[in-house]
Structures are given as C-alpha cells and as structure tokens.
Amino acid sequence: MAEGDGKQSLDLFLGIGLDKRTAENAIVNAKVTANLTAVIKEAGVAGGCNKNVGNLLYTVATKYPANALIHRSVLVQDYVINSKIKSPAQLDAALVFLASVGPDKCDWSAFERACGVGVAVSVEEIEAAVSAVIEENMTTIVEQRYRINVGNLCGQVRKWHPWSDAKTVKETIDTRLKGILGDRTAADDEKPVKKKKEKPAKSEEKTVVAVAAPPPSEEELNPFSIFPAPEDNFKVHTEIFFSDGNIWRAHNSKDKLETHLKLTGAKVYTRFPPEPNGYLHIGHAKAMFIDFGLAKERNGCCYLRYDDTNPEAEKQEYIDHIQEIVEWMGWKPFKVTYTSDYFQELYDLAVELIRRDRAYVDHQSPEEIKEYREKMMNSPWRDRPIAESLKLFEDMRRGLIEEGKATLRMKQDMQSENKNMYDLIAYRIKFAPHPHAGDKWCIYPSYDYAHCIVDSIENITHSLCTLEFEIRRASYYWLLQALDLYQPYVWEYSRLNVSNTVMSKRKLNRLVMEKWVDGWDDPRMLTLAGLRRRGVSATAINSFIRGIGITRSDNSLIRYDRLEYHIREEMNKTSPRTMVVLHPLKVVIQNFESDSAIQLDAKCWPDAQADDNSAVYKIPFSKIIYIEQSDFRVKDSKDYYGLAPGKSVLLRYAFPIKCTGVVYDDSGSVTEIHAEYDPSKKTKPKGVLHWVAQPSPGVDPLKVEVRLFEKLFLSENPAELEDWLADLNPNSKEVIPEAFASPYLADASMGDRFQFERLGYFAVDVDSTPEKLVFNRTVSLRDSYSKAK
C-alpha cells in the first residue's frame, strides 16, 4: 500500500470512531483494509459516524461470512446504520444467522427474531430478572460482599433477556447490591489473605505422592472430532484471488448440498486414492487411518480409488498389492473404484469446459510451458476460438496428433500469485496401454483435472490429503466451480516423516530397481510389505499412527524409536517366549551322564501360572549345551554377569553351572567350556543366561537362520542429503546362517512371532522351508523411546 493510501485509510477508519491502535492494525492487513473500506462505503458513512456504529461496522468487516456477501449491504444499511442492531451480541447473532443462509434468499422476519430486532426489554423486566439472580446468589453475595463477580451476575440476567441493555442491567445490579450490603467499606477493598498451607509433620517414611495426569483432550479421545458434519458443507471452502482483483468464494449452494445429502443419506464419504506406481509405505498407513478411520467413526463409507491416470508408471502388480495391503491393515473399502472408470465422464466434462471457454488446446512444448510459467505469460494459443479447441481435442482423442504435440490446458490465471493457477494441464497424449482401461484411450487426464472431479462424482464429503496439496486447493475448487459441480470439503494434514529412512516413491523405487535392497518387501524398508515381512502387525502400525495424531504441523520428523516402541508394546503381549543361541559356544557338563537327557519346563509367558499347562513348553537338558559366545569371558570383572573361569551362572529354567575349564584352539580362541552343574540349585549366582542343549547325545539342536536388521540409513534425515545413497548403513543386515534353537520352534510357520529371550522379538520369514526356518528380528528388547519420553 502506498504511503498516501495508508494515510487516507487511517483517516477514514479514525473517522468512524475506531481507536488509533485498531485503525493502525487494520491498515497493516490488506484484506481487512479492503473489507472495511467497502463496508464504510456501503454504510454511506465515509464522512464519519458515532463510535458504537463504527465498532459494529468493524466487526462486520472482519467477521462477516464470505458465503453471504449478497446480504451484507442490507445488514449494514437497514440494521446497523438505522440502529435496529445496537449491540455486539445482536450483531453476533445476525452473522450466525446469515452464515446459515449463505447466498440463498433471506427471510428477514426470521432474521429479526434471531437477533432481537424490535425486542424492547422494559426496566421492570430487567429489575425482575435481577431480583431472581440476586436471590439465587445471596449466599455468595453475603460471603464475598463487593468482591463478587458482577460480570457473572450480568451474564445470568442476560440469559433471561438476551437483548436487554447491558448498561441498564449493570446499574440495576449495582443498586441492588448497595441496598443489601450498604456503603462500600475499606475492608471490601482489601485483598483476601491467602492461608499458608501447613507442612506435614516429618516422618521417617517417605510418602510417594501420585500426581494425577491431566484428562485427555477430546481430540486425543477421538482424533476425528475436528472434522465437520456433511450438512455443514455450504460454507466457503476457500477464496480464490485472481490477478484482476476478482475473488471466487468456493461453496455449495443450499440446493446443491441438499441434492448431495439425499444421494449419500447425509453420511460421511471419504476415499483412499493411491497411485498404483509402487508399493505402499508407512505414510500411506496414516492416509488410510484418516480416510478409512473417519468413515468408520462416523458410520460412513470409504472408497479405495486407484488414481490411475499415468499408464506408463502403473502395473497390475501394484494394483493387486494395494488391495491386499489395505485389507491386511484392517480396512474394508465401501467400493473399489478406478479413476479410469470415469474416463468417459471426464472427457465429456473437458469438452464442456472448452465450451465454457475455460480450457484450450495448447501446442507449447514442456520447456516452453515452463518458461512461460516462470515469466507469468499467457500461451500464444490461449485465446484460440472455442470451435478450434473442440476440433483439436477431438483429434487428440482419435490419435490424430503426435504425442507431445498438444495438451489441453485449463484457462485459469497465468498472472496469479498461486503457481497452481498457471493454466494447469488437463489432458496429455500418451500412446500407451492402460493396465485397467486397456487400449481404448490415447489421451489421459492429469491428477489436477481428474482428482477433484471424481471426488465430486463419487459424492465425497471429506477430501483429505497431505499439506503439500494445500497450494492446489485453489485449482481444485476453481475447476469444480467452473463446471458447476458439487464441492467436497478439503482438509490437509501433515505428511508422516520417519527418521533414518526415505519416503519418496521415487527414492524407494530407485532402492528397489538398483538392488540396494532385496525388493519392495525388504524388512529394512518402511514399505508396509517390508514391515509386514519383518513381523510388524497392522495393529502396531495403526497404534503408532493414532499416537502421532492428525495434525497440520508439517516438517516434523518422527523418531524411528517411536515406531519401535509401539511394535514392542504389541509384541510383548502377543509373542510367546523361547530360547535361541545366535553364536553358539559349546559347554560340556562334566558331572552329567553322557547318555541321557532330562526334560524341563520353560514358560511361554513370564506371568504364566504354575498349573497352566498351555503356557509351558518342554526343553531338553543334556551333557552338552550351548550358550552365546558373548556370555563367556576369560577374565571376570565386577560389572560382568556372564560366565568366566571359576564363576557360576544360572541357566534359565534349569540349573546353576560353574566353569571348571576352558579349551582353546591353536589360534588361542575359546572352542569349548567345561562346567559342572548344581542339581540341588543351592548355588545362587547373579547372572542368568539363555541356552540350548543337544536333544540327545551327538545330535545338534534345531538349526535356524536368523536375520538381524538395523536402520537402513545412518543419518536421521537422509532425504536432505544430496548423495543420499552414500548414507546407506552398510551394517543394516546381518545373516546368521546357523543359530541353535529350542525344539519348541520346530513347528513354527509363516505369521508366527516369538520373543527370543534376551535377544528381541522375531518373526518367521517367507524364505522358510520345511528343511530350514528363517527368522527376522522385528525389534530388539531395548526401548530407548519410552525412556526418552
């Protein structure tokens, strides 16, 4: 704003009685300045007015509902200026009423009843209401005297008579209080003395004080409470500002909304719209939780809709995977649809868009389009005749124009401040077969064109997407308004960014195609297929997503540890315990008979009852057992609880043993331990070790392959790095081809998950065969997240 314009606006605002600070704040905001100037002109008070009227006009300028602008001049001229509406309370009620009317015809008689126009509250009525309120609060008045909250008393009177004069109410209450309490005394002005809390007497015993946690918020209890009801979708969704000063205020008319509500039964309709060009990752789990979760919470419907507008990148493999993984995540689609199901309707609407002079066929190359957009210049073909664009678009559809030689572009606003209004492409030519539609089409709609229209066709009530699409909201509503279609409610939420991984489909695709990982379901990847193969359950993933919440705070990086915390919490409750030795070290029990073995009871669950046979499994104990190599040291120390020469440890579920000898190979490495066991169990060592025994003399324990996984990337945010592939963790995968396991695992099958005591939580991998089981470590036992939390 020019300096002269600012001075002129300031004088105008001061002239209607605004205080200087309010007026100065108003001219800083261009939108408030424009609205207030327009309201003053509508009111015809450019020459000034009294302060009460001016303040009401300021409220109109800053709070008026955008969908009811057609009625603003009537409100200002007939009610505010004529003093039919005198108080802020009346004006607030007026604005609420007009917001519900929107652009439809207003019933001014109902309007006047709603905001108290013509309602005169007599002094006698006010006095009667004051008497009732005073009587109800008499005990408090006597106790607190003039320290009582008079504003609270006024509010109680206003509940009886909302449109009563506030000044008269206050004066009446003051008079009554004086009649009851007499003149105000010095004691009434003294601040009450706070009583000191008595300290409890000292005691030898320490008292633990339990601090009550604050009650959970409504959003924590129900994260979907932030979303409006379908019947509220007549309000302005967004304002589209054009470079010529014109403003489109996107909203549904009452008639259009009523038609929509009849079709949907006023239910919530959402959609989960993945593009079938890769496997889903954990970010899609958040989208599923919001899309399917909102529909489920409101007893509504959620489509699984494939956004299949780019045939070159899409495969049937990805389509099949997406449907399978959605069901695995626990969600049941209302219907499975494809954007390609609507190709004919989309084409017909594109023809209609050309007829309305809202689209044109363009021959610029991608490089030229980019250059013209950067310079905010119109295409040379933007103003070609409508008939010519119709003919060329039909030629595009019939395959008569070469690929790359023409596009259909929406005629939006090349000089807009929003780059997503720079005449976005609606259709492009691609001579490629489509995995779902076949070879019927050689022109395909863009996401920007198809997405909002299909949302409207499917009567979606809540179109939910991530925050990077917020800038596209203007083009979303521009297109629906240009075609006079029903407009869903759009709401954006923050992307899910997890540390030590990448979430970009392009980067994930590169990891897979260049074989940096072992496919889309590599357990190190945060694809949902990878997490499932690793042993993570859908329950744990959904718990993690719910814990994050549905927020709009973008660019936040969620620690990988937080995901592991939810996985560990769930697996701790569902995974039976057993014992596996990853790096076996042979221990020969010298005082145990060589030709026998005994069966001991081991617990599947730590809190299992002694008489619960289903929670107990058998483990053999024999002359030769195996412990972890890391659980033995040649030199002992105070902080070490493993086995050492001359030292005793307890074998889990079995007996104490004491190291009596060590066998070395030629290189000096330990190859065998000699020990004696204490069958009486009188020895009470501090250390407890897991172990596995030969099931019978000369027979090795069950051999299994174990795969240990670490974070795929070394840095917390590898996506920020220019050479992000150089940040791959070289130790992200360790394969132990022959670990020794308890016989309890012999019958394990796909989907089974266990806690290997002292080692972590593990799941059976798809590479398992009848000859050899393969286990993936899902998560370690250590929990760094809850400690940090």
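How does the lining of the second largest cavity divide by class, and how many of its residues are nonpolar, polar or charged? It has 7 nonpolar, 1 polar and no charged residues. This is a predicted model, where local features need pLDDT of at least 70, side-chain atom pairs count only at pLDDT 80 or more, and totals for chains, interfaces and linings use all residues. Residues are numbered from 1 along each chain as its sequence is written, and side-chain values use heavy atoms, with hydrogens and water left out.

**Cavities**
- The structure holds 3 cavities of 30 Å³ or more.
- A cavity is a set of points, on a 1 Å grid over the protein atoms alone, where a 1.4 Å probe fits but cannot get out; lining residues have an atom within 4 Å of a point.
- Points are joined across faces, edges and corners, and a volume is the space filled by probe spheres set on them.

**Largest cavity**
- Its volume is about 150 Å³.
- The lining has 13 residues, and Tyr447, His451, Phe469, Arg472 and Tyr476 are the closest to the cavity centre.
- At least two lining residues come from each of α20 (447-457), β10 (462-466), α21 (473-482) and β11 (489-493).
- Helices (H or I, at least four residues) and strands (E, at least two) are DSSP runs, numbered from the N terminus.
- α20 gives the most, with 4 residues.
- By class, the lining holds 6 nonpolar, 3 polar and 4 charged residues.
- Ala, Val, Leu, Ile, Met, Phe, Trp, Tyr, Cys and Pro count as nonpolar, Asp, Glu, Lys and Arg as charged, and the others, Gly among them, as polar.

**Second largest cavity**
- Its volume is about 50 Å³.
- Met579, Ile619, Pro620, Trp691, Val692, Ala693, Ser742 and Pro743 line this cavity.
- β18 (616-622) and β24 (692-693) each supply at least two of the lining residues.

Notes: On a 1 Å grid over the protein atoms alone, a cavity is a set of points where a 1.4 Å probe fits but cannot get out, and a pocket is an open set with protein on both sides within 12 Å along at least five of seven lines; lining residues have an atom within 4 Å of a point.
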